[in-house]
Amino acid sequence: MNTSDRDMSLQVPNRSKGRYSSLCSDDELLDDEDNTLWQDDGINSLQGSFYLPDTGRLASATKEDSSQLTAVIKMGWLDKNPPQGALYYQRRWVKLDADYLRYFDNDKEVYSKGLISTAFITNVVSVGELKFEVVTDNRTFIFRAETEAERKEWVTALQDCTGGRHRRSIMSPGSPLTPEYQGYLELRGLRSKLYTVVASDKVFLYKAIEDYRIGVGITSIEMNVGNVKDTDRRSFDLTTPYRIFSFIAESEQLKEQWVDAMRNAIGEALSNSEVANRIWAEPSNSLCADCGAPKPEWAAINLCVVVCKRCAGEHRGLGPSISKVRSLKMDRKVWTEELVQVFLLLGNERVNSFWAANVPPSEALTPSSCSEDRRRFIANKYRQGKYRKYHPLYGNQKELNNALCINVQSSDVLETLSLIFCGADVNCSTGMASCPSPLSLANTHSQPLQAELLSHNLNTELPRSEGVEDMEAVHYSATPCVSHNGFLFKTASMARAITERKAREEFSRRWCTLNDGTFSYYESDRNSNPNGALKASEIVCLAVDTSEKHGYDHTFELYSESERLYLFGTDDPDSHKEWVKSIAKSFIPASAEPLLRLGFERIGRLKCKDGLNLQTSKVGWFALVGSTLHAYLENSQGEEIHLRKLNELSIQQDNEVLVLVERGRTLYIEGERKLDFAGWSAAIQTAAGSGGDTLSQQQLTETDIPVIVHSCIGYITQCGLTSEGIYRKSGVNSRVAALCDRFRRDARSLRLKEGEQQVDDVSNTLKRFFRELEEGLFTSENGSTWLSTAAIQDENVKISQYKVLLNRLPRVNKATLQALINHLYCVQRFSELNQMNLHNLAIVFGPTLFQTDGKDYTAGRAIEDLIQHYTLIFEVDEQQLKKQLEEITVIIQVREKLNTKFPSTEPGGHFICTVYLEEKMDTTEQHVKIPGSMTAAELTCEVLDRRNIPVKDKEYWSCWEVSDKEEMERPLHYQERVLPILHSFGTDSHLLIKKHLAMEAVIVYLANKVDPSKHGMMKFREERSILGLGLTTGSFHDRYFILNSTSLRMYKEVRSNRPERDWPVKNLRIYMGIKKKLRPPTCWGLTVVYESKKQEKPERQQWYLCCDTHTEMREWYATFLSIQNDGNVWPQDGLQQTRSARVLPDTRHGNVSLIPLRGSENEMRNSVAAFSQDALALFRDVR
C-alpha cells in the first residue's frame, strides 16, 4: 500500500500474515497486496476503512443462498471516486435495488464495502465525461461509467428509483430500518467501533451514528443465514456462510442484550421466511403482481395480490379501505392457514386475469418504474378498476348479490373475487334466517377459503369506474362445475411413454372423483384422504386408447404439466365414455369447447407457431379425430388440418418441433414437454399415414389423388413413356410387393428414383394397387352401371351417361380417375414409341380397374371409351392438354439427346427447388415445383401466396440468386426463367425471396436518364490471368469503362483509343458483392460473370469491379439491367398485377411439369448441373 493509501485507511494490527481482503465504508481507498506495509502507527489519522481477515471467511460458503436474492434493478461495473477528491478511481461492482445503492470489491462478494439508502438520495445528475453524481444531504458520491449509454442507464435507473419519494432526514421508527436494538460494537481486529443496528431480520453496520442518521452505511447482514455464539466475557461471533463477524461489547450485560437481539432477529427471519416461501411456492407469486419485480415480500390480503416493497408503499397510499397491505415476513399473525391457501389457489397470474385483463402495454409497470408511474397505475388498477375484467352482471346489483350467494357455496374463489369487485354486496341479505349473509353461507357449506376472502372484504371500498355504460342485464348461472365419481382401475404413474401392454394385474382398483376442477383418486370410497390428485389446470393432454390395448378393454391416459403419465381403465364402455367426457370438459377452455363434441382420440394443449411470426409461440388446443387434426389457436377460429393431405410432415430440431406443411401454410408444433409431445408426434404421424385399403384412406395430394398414384404416374411420365410394352410387361414380383408395402407404410416419404426402381416394377405396382383396392375405383355399388353404359350404341348418349356416372363418384375416386385417364391418354399419344395404343391399354386396365376376370371385353370397352373421349367426358381444356403433351415431348427429347438419368422425382414429376423467404433458415424454406416456363415473378408470387403475404404498393419483392461461397447476389429479372438459372448453381448457392430495397431508386434514376449508355472509372480485378492484360492477379487497377446498348468496353485510361477488352453485354451476368478475401478497395463492388454462347468452345470468365460510392454502384447496375432488358426493369402494373394474372396449373387432368425432378437440395443442384447449354436452349423455346 502506498503512502497516500495509508493516510486514508484504518489498519488492522499486523498480527496475521494471511492476505487481507477489505470490507469498507463509502470512502475507502485501494487495497494493497503487501501486508508488511501495514503498521500500527498513525492510526488516529486514518479515515473510514476497515479490513476483515480472510480467516473469518468460510471456505464452504455458497453464494447462491436464497437469502441473498434481492430485487436488483441494475448492476454492473463502475469506477468510484473517493469523497476526499483523489485523482484516481477505484473499480467497483455496483448493485441498485429499491432500498439501497451498494458497491463491492468484485462481483463475487456478498457483503458490500458501502451502501447508500435510496430514501436519502436527493439528486442524480450527469457531470463531466462519463461521470455522474449521487447526491445526499451530506455527501456527494461520484461514479464513472465506461460508455455514455451505460451512464445514461445508471442515471435513469437511479432517478426512477428515487423520484417522487418523500425524503427523510433521519431514520424514523416508520422507516424500513425500525431498530430492535442499536449501539456501538467493536469488530475484532479494529480499534474503532462500528455503530450497529439490529432491525427486523437484518443487522446493519455504520461507521458512526451520524452515518446511520443520513442513510450511508457499510453493509447489511441477512440473519436468516446467521448464527450467534458466545466466545468469552464480552465477545460473541455472528457466523454466516460467507464470513465470521467477531464483535466485542462494552460490558457483559450489553453483550447478553446484543446476543438476545441478534438471536431474535434470526428467529424473526426464519419464522417469517416460512410464510414467504410457502406463498412463493405458487410460481406466479414469486413476481410482483403490479411491476413484475422478483421475490415480492408484501401482499394486499383483501385484493389477493402479492406485491414488492415499492408497490406496497403505493398500496398503502390508497388507504386500508381499498388495500390492506401486510408483510409476508413480519405480519405473522395475519397469515392463517386459510389465507395462505387462498393465495396459493389464486396466485398472481389468475388474479391478474381479473385485475389486469385490459392493461395497455404503454401503461404497464416494470421493476424500474418510478414512484409517480406506480402511484398512477396502482390507483387506476385498484381504486378505479380501470383494467379489470367486467363480470357479465356488472351494473345489475340484484343479480350480482344473487350470484355471490350462489357462488360462495362452491370452491370457485376467483369468481367470488370478480363478483365482489364488480359490485356485489358482501353484506347483502341471503333471505335465509339460518344463513343471513354470504359469509355465513360459506361457513355453512364448508368453504373456508370463500369465508376467508369475504371476511377481509366486509368493509372494502369497491372500485369506482367512470364512463362504463350499463351492461345488459342477464341472469346468473353458476360456473359449469364438472363433477363425476366412480371406480376405475389405475396403474402407477410413469415418467415415460407406455411402450408395452399393461396386464390386468398391474392395475389397482381406485375410487375416483372429479370435483371443482380436481381429479382425485382414493384407496376406496370410504377413505377421506386421496392417494393423489390432479388439478384440471395441470392436465395438458387426454389420450383415449384403442379397445383392448391393455388388460382392461377401455383405457385412457392423462398427461400432466409435471411430465407424469397416468393410465386408467375399465371394462364398462359407458363409464369410460363418461369419464373421458367429464375430464376433457374440466380442462378444455370455453374458447375451444367445440372440440368436446368430437369423437377424439387425443385432446390437449400444445404450443405452436405459424406464418411469418416465428418468434412468438401461441397456445393452441388440439383434438385428433381420425386423420383430421382440429385446432383452436389463440385469438382465432377453429380450423381443420387434413393430415393425409399434408405436403410434408417431419420432426426437426432434435425431436422438439413437429412441422406440418400444407398448401399456403406451415405449422410448427413445439415440444414444450417431452412426454405428451412424443405421444402427439406418434399419433399425428400414424394418422397421417395410409389408414386402409379404400381410396379415401390413402395419403392424398392437394387435388385428392392418392400419393401412390401420383408418384407412379409421375415416374412413368418421366422414365417410361418410351418403354416398349409399358403396363403389359410384368415386373419382378418380389420388388413389386416390396414397393407396394413401402407405399402402404408411408407413400409421402417414398421418392421413386431411376436406377433404384425399374419402370416395369412401378407400372405393376400401380396396377396392383387398383386391383387390390377395396370397393374398387368405380365403387362396388356403381361398377356394373359403368359396364352396362359401355354397351350403349349411340356415342352421344353414352358420353352423357359417363358424365352422369362420373359425377356420382366420391370426390377422391373422381379425382383419381381423372388423373389416371389423363395419364393413359398421354401414354397412347406416344404409342409409336411404346407400342401401347388405345386398344392395348384398354385390354390391360379394363379388368384391373373393374376387378373382373377379363373373360370378356366389356370392362376394356369402358376404359377405351374413357380414354378415347377423355376431353369430352372430363371437360378438359384442350390448350392445357396441348401444353402438357409439348412438355412431355421435351422430356423425351432431352432424354434421347443426352441420355441423362435424373436422380429423383417428386410425385407427379415436378422439378423441386428449395427457396428461402427473407433469410436462409430451416424455418423459412419452401419446396416449390418449378415448371420450365416459370418466371422469377411467378416464383416470387408462389412463395408469397404460400405464406399469405400481401404485396403492398411500392414493395419490390424479388427472387434473388445468392452464392454464399462467392459472397454475391443478384435479383433475377421478373421475366427471367427460373429453370435455366439453376444450371449455374453450385452446392453453395440458393434462391431467396426478399424485397429489393434499391429498386425504387433504380426506377427513378432510369426515368431521369437521357442517355441509355454510361461511362466512368472503376477499379478492376480479374479472377485469373485469362484476359492477356499482363496484370497481376492479386490487386485492383483503375480502368475506364464504357457501357452501351451492345457491349461493355474496358480501356486502360480515359485517353486510350483502343479498348483492352470488349464483351457483349447480353452475355454478362452482374452480381452485387465481392469476396472479402480479395480485399476490395471499397465495399461497393460488382462481380461480373461472362459466358460465351459458342457451342464448339464455351467460355466462362469472372472478374470484379469496385466503385467509389454506393450511388455509383447502383447507377452502373441499373444501366446494366436496363440495357439487358430493353428498358423493362419492373412490371408496369407492379408485382400485384403479375400475381393476380398468374395462371395456376389446371389440376383437372393432372398437369405434368417440364422437368420431373425431386430430391434433396444437393441432389437437385447436381442433377441440374448435368444439363448442357444445348438442353437448356430447348427449355427456352417452350411456351
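**Aromatic rings in a predicted model**

Phe556 and Phe568 are both buried, where buried stands for under 20% relative accessible area, with over 50% called exposed and values in between partly exposed (1.4 Å probe, protein chains only). The model is predicted, with local features needing pLDDT of at least 70 and side-chain atom pairs counting only at pLDDT 80 or more, while totals for chains, interfaces and linings use all residues. Residues are numbered from 1 along each chain as its sequence is written, and side-chain values use heavy atoms, leaving out hydrogens and water.

**Ring pairs**

- A search of the whole structure finds 40 aromatic pairs, a pair being rings of Phe, Tyr or Trp (its six-membered ring) with centres within 6.5 Å, called stacked if the planes are under 30 degrees apart, edge-to-face if over 60 and tilted for the rest.
- Phe236 and Phe247 form a tilted pair, because their ring centres are 5.6 Å apart and their planes stand at 35°.
- Phe236 belongs to strand β16 (residues 235–239) and Phe247 to strand β17 (residues 244–248), so this pair ties together parts that are 11 residues apart in sequence; strands are DSSP runs (E, at least two residues), numbered from the N terminus.
- Both Phe236 and Phe247 are buried.
- Phe556 and Phe568 form a stacked pair, with 5.6 Å from centre to centre and 20° between the planes.
- Ring pairs also link Tyr100, Tyr184, Tyr195, Phe204, Tyr206 and Tyr212 into a cluster.

**Charges over rings**

- Lys74 lies over the face of Trp154, at 5.2 Å from the ring centre, where the rule asks for NZ of Lys or CZ of Arg within 6 Å of the ring centre and within 35 degrees of the ring normal.
- The charged end of Arg504 sits over the ring of Tyr552, 4.0 Å from its centre.

Note on methods
Helices (H or I, at least four residues) and strands (E, at least two) are DSSP runs, numbered from the N terminus.
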